[in-house]
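Please keep the sequence and the structure in view while reading.

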Amino acid sequence: MSDWSAIFDMDGVLVDSSEAHFQAWHRLGTQEGKPFTRELFQLTFGMHNQQIVPMWMEQEVDQIELDHLADWKENTYRQLVPELMRPIPGVIDLISALHAEGVTMAVGSSGPLPNIQLVLQLLGIAHFFSALSTGEDVRHGKPDPEVFLVAARRLGRPPERCVVLEDAPQGVEAARRGGMAVLGITSSRAAEDLPADRVVRTFEGLRPQDLRELLGAAR
């Protein structure tokens, strides 16, 4: 068993399902008569629905209504994602290599648990992960570090022995605030927007040792 762990964000790190997310928000916007634009989607991608809905509506939203809107969006996403998602290149090989070396892994995502379980099932990688930390487990969305700290705790690992893999600025900041090392991937953002310990274009060819070398680099 390794003495460190890896925590993967989901969207943009395990899988590219951004179009499924956008189409779900777009359909909700059409239904509500309040357009959800691609510009707003780019601004909010990776945030918790509790943060996104008030930004979209441009006002405070009653919690019951917010939950209703978020549930409708997520149900629509789950209908769309089997046809619109694809794994991030190299990620399954990296996960397999980490598992072979005894590195425990978790998913730390702002998404709801059913979304994460569905994607892991569709990718055939659920058995590799020892813990899940989701939007349902936290009160504060990224860039607050709560989702990653919950993941580390469930892995039984101190934050400084965890490497987070992220594609969004909010996620990189969350990992930093949590005292974790962080690898950024430019699947959804430019390298200059990801102040990570290391930034890669792809996971292809990446080795467990490349992640381990980041430990102690958090600043």
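## A buried glutamine

Gln170 is buried, with a relative accessible area of 12%, where buried means under 20% relative accessible area, exposed over 50% and partly exposed in between, for a 1.4 Å probe and protein chains only. The model is predicted, so local features need pLDDT of at least 70 and side-chain atom pairs count only at pLDDT 80 or more, while totals for chains, interfaces and linings use all residues. Residues are numbered from 1 along each chain as its sequence is written, and side-chain values use heavy atoms, with hydrogens and water left out.

Gln170 has its place in helix α8; helices (H or I, at least four residues) and strands (E, at least two) are DSSP runs, numbered from the N terminus. Apart from neighbours within four places in sequence, Gln170 is in contact with Leu43, Phe45, Met47, Lys142, Pro143 and Arg189, contact meaning heavy atoms within 4.5 Å. Two of these partners, Lys142 and Pro143, are joined by a cis peptide bond with omega near 20 degrees, and Pro143 is found in the loop between β5 (131–133) and α7.

The buried residues of α8 are Gln170, Gly171, Val172, Ala174, Ala175 and Arg176, and what covers them includes α2, α7 (146–155), β6 (162–166) and β7 (181–185). After α8 comes Gly179, whose phi is positive, near 80 degrees.

In α3, Asn49, Ile52, Val53, Pro54, Trp56 and Met57 are buried, and the buried residues of this helix pack against α1, α2 and α4. Most residues other than glycine have a negative phi, and most peptide bonds are trans. Glu58 lies in the loop between α3 and α4 and is exposed, with a relative accessible area of 64%.

## How α4 and α6 meet

The axes of α4 and helix α6 (residues 113–123) come within 10 Å and cross at roughly 5 degrees, the axes being lines fitted to C-alpha atoms, for helices over the stretch in contact, with angles running from 0 to 180 degrees between N-to-C directions. The two helices α4 and α6 are therefore roughly parallel to each other, since angles under 35 degrees count as roughly parallel, over 145 as roughly antiparallel, 65 to 115 as roughly perpendicular and the rest as oblique.

Glu74, Tyr77, Arg78, Val81 and Pro82 of α4 make the contact with Pro114, Asn115, Leu118, Val119 and Leu122 of α6. By class, this contact has seven nonpolar, one polar and two charged residues, where Ala, Val, Leu, Ile, Met, Phe, Trp, Tyr, Cys and Pro count as nonpolar, Asp, Glu, Lys and Arg as charged, and the others, Gly among them, as polar.

## The largest pocket

The largest pocket holds about 540 Å³ of space. On a 1 Å grid over the protein atoms alone, a pocket is an open set of points where a 1.4 Å probe fits, with protein on both sides within 12 Å along at least five of seven lines, and lining residues have an atom within 4 Å of a point. Grid points are joined across faces, edges and corners, and a volume is the space filled by probe spheres set on the points.

Of the 34 residues that line the largest pocket, Asn49, Glu74, Ser110, Gly111 and Pro112 lie nearest its centre. The largest share of this lining, eight residues, comes from α4, and by class the lining has 10 nonpolar, 13 polar and 11 charged residues.
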